[in-house]
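Subject: Structure handover

Hello,

Here is the structure for your set. My notes follow below it.

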Amino acid sequence: MKIFLMLILAALFGSAAVFSGNGAAAPAQGMRPESGIVEGFYGRPWTEGERRMMLHFLREQGMNLYVYAPKDDPYHREKWREPYPLEEMLALKRLAAEARAVGVELVFAVSPGLDQRFSGWAGEVDEKVLLQKLEAVHEMGIDRFAIFFDDIEHKEGEAQALFLNRLNKELLARSLIEKPLIVVPTEYFLQDMKDGSRTKMYTREFAAHLDSEIVVLFTGESVVPEGIRSEDMTEAERLYGRKLGIWWNYPVTDYLPGKLALGPVQGLAADVAERTPVFLMNPMEKPYLSRIALATGAEWLFSPSTYDAEAAWRTAIRKQYGDLADEMEAFALHSRRMEKDWAHTGAPDAPVLKEQMEVFWHKVERGEEAAAEEAELAREFRRLKDAAKHLEARLPQEILAECLPQLQLLAQYAEAGEASLAMVKARREGKFAQEKALYQRIEGVPTQWQEKEEPRLSEQVLADFIAKAKAWERRGILQIEKRM
C-alpha cells in the first residue's frame, strides 16, 4: 500500500512539474532566487486585464513575483499619502486573488521619497499615513510590501534606513507581512555608490543603519548597463554589507519609448543567479511584447551556466508566435539594442545584415563590383517587407496595437532599401533621371529622431543604410555640379 501511494504521489508531482509554459520542468524551490517582474516603468500603467495576463505568464515561466510599482500611478508616487479610490482598491483585491490562484506573490510598492518627511511631528504623520495605506492594501489580500526611494534628489541615507526599520518591524508585529520589506535606495547603481563624497556618504549611512533582513535592490554598474559581472556583485555587496537583489532594466524602454526592446536578456554572469535573493525584470509599457525578453530571463534563471541568449530568444519567439515566428523573428531582430547617452544594453540589431551592408557600401564607394551583395540585400529587403505586411495583417490585435508604428517603419525601410539599391544601379548604368527619382523616394525616410517618442528601429542597420544611401547620392550630385 505504501509503495502504491508513493507511486501515485510521484505521478502527481511529475505531472505538475511538466505543466509549464516553456515545456520544461519547473525548478525546485530554493534552487534559484525569487523572480518575476517589477511594473516599475514611467508611462501608462498597465490595465487590470494586462496585469492578470502577466500573472499567468509569470507562472507559466516558473517565476513567482509581481511587484506593483508603476511610476505614473499617482497614488504610488506623487500622491502617495492619499488612499486609493474604491474602484482601484477593488481592482487590487481582484488582482491579489488572481495572483494567489496562480501561485504568484503580489508585492505592493510605494515610492514616497519625492516629499516624505522623516523628523518631528511631520515625520510621525507621514509614517502613520503610510502605515495606514499599507494596512488598507493588506485588507485587499496583499501581504508583502516594497518601499522605493529611487529617482529623487534627497539623499538621506540614515533617515531612510531608520524609517524602513521601524516600518518593517511594525508591519511584522501587526502580521501585515510575513516577509521583510523589499527596498530600493536612492543610490541604486554601482557608479553612484562609488563616485562622489555625497553619494558615498549616503551609501555608508543607509547600509550601516538598515536592518540586515530587509532586501535591497540594485541595477548593476549603471541604471541600464550592458550586464552584471561577478565583480559588480562583489563590490555592491561589499558597499551594502549584504546580498543584493537585482532590478534588471531590460526590456523597459521608458527612456526611449519609440523603440521596442524585443531581444533576449543577456550580459548577466552565471553566479549572479546563485548570489541574489531576488531577480526582477522591469518590462516595457507594452506587456504583450515584453514577454519575449521576460521568457529569456526565465530561461537564464533556470540554467544560468548553460544559458544561450540567442537560442533562448529564438525559442521564446517560436513558442509565443507559432506560425508567425519567422516573420516575428525578422522584425524583432531589428529592435533589440537600446542605446542612449546613459543607457547601453541589449543584443545588437541584425549584426549579420549590418556586416553585409558595410561590405556593399565599401565596394560601391571604391567603384568595385558588388552584384553578389546587391542580390543578397535585395532578397533581405523583400523578406522584411513581406514580414512586416504579414504581421500587420495577422498579429492578434492586442499585440499589433503595441507595435504597429514600428512595423510600418520596417516596411518603409525595406522599400527604401530596395529603392537605394536601384538608385546605385541607375547611377552605374548612367540613368540619371531614374537615379534622381529614386533619391526622391528615400529622401524623406526618417533616419534621425528629434523626439524620443518617435517610432524607431534598426538605427545602426536599416536606418544607417538609408542614411548612407542619401549621403552617397548627395556627394554624387555635388560632383556633377562641380563638373558643370
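First, two terms. Two strands pair if DSSP finds at least two bridges between them. Helices (H or I, at least four residues) and strands (E, at least two) are DSSP runs, numbered from the N terminus.

By that rule strand 6 (residues 215–218) and strand 7 (residues 245–248) run parallel, joined by 2 bridges. Leu217 has Gly245 in strand 7 as its bridge partner.

Now the ground rules. This is a predicted model, where local features need pLDDT of at least 70, side-chain atom pairs count only at pLDDT 80 or more, and totals for chains, interfaces and linings use all residues. Residues are numbered from 1 along each chain as its sequence is written, and side-chain values use heavy atoms, with hydrogens and water left out.

**Overall**

The protein has 17 helices and 10 strands. Its C-alpha atoms fill a box of roughly 85 × 65 × 45 Å along the principal axes. Of its 484 residues, 53% count as buried (under 20% relative accessible area; exposed is over 50%, partly exposed in between; 1.4 Å probe, protein chains only). The accessible surface is about 21800 Å², and carbon and sulfur atoms own 54% of it. Those areas come from the Shrake-Rupley method with a 1.4 Å probe; for residues, only the protein chains shown count as cover.

Contact means heavy atoms within 4.5 Å. Take contacts between residues at least 6 apart in sequence: 76% join residues at least 24 apart.

**The barrel**

What is the strand order of the closed barrel? The 8 strands run 1-2-3-4-5-6-7-8, with parallel pairing. The twist averages 25° from one strand to the next. Axes are lines fitted to C-alpha atoms, for helices over the stretch in contact, and angles run from 0 to 180 degrees between N-to-C directions.

Strand 1 pairs in the parallel sense with strand 8 over 4 bridges. Glu34 stands opposite Val278 of strand 8. Strand 1 also pairs in the parallel sense with strand 2 (residues 65–68), over 4 bridges. Here Ile37 has Tyr66 as its bridge partner. Is strand 1 mostly covered or uncovered? Mostly covered: 6 of its 6 residues are buried. Helix 10 (residues 287–302) lies across strand 1 (34–39) and strand 8 (278–281), at about 160° to strand 8.

Most residues other than glycine have a negative phi, and most peptide bonds are trans. Some spots to check against that:

- The Tyr250 to Pro251 peptide bond is cis, with omega near 20°. Pro251 lies in the loop between strand 7 and helix 9 (270–275).
- Asp151 is not a glycine, yet has a positive phi of about 60°. It sits in the loop between strand 4 (145–148) and helix 5 (157–173). Asp151 is partly exposed, at 31% relative accessible area.
- Ser458 is not a glycine either, and has a positive phi of about 50°. Its loop runs between helix 16 (432–443) and helix 17 (462–483). Ser458 is buried, at 0% relative accessible area.

**Leu377**

Leu377 lies in helix 14 (residues 371–394). Why does Leu377 count as buried? Because its relative accessible area is 0%. Leaving out residues up to four places away in sequence, Leu377 touches Leu353, Gln356, Met357, Phe360, Leu421 and Phe465. Thr219 is 158 residues from Leu377 along the chain, and their C-alpha atoms are separated by 39 Å.

Best wishes
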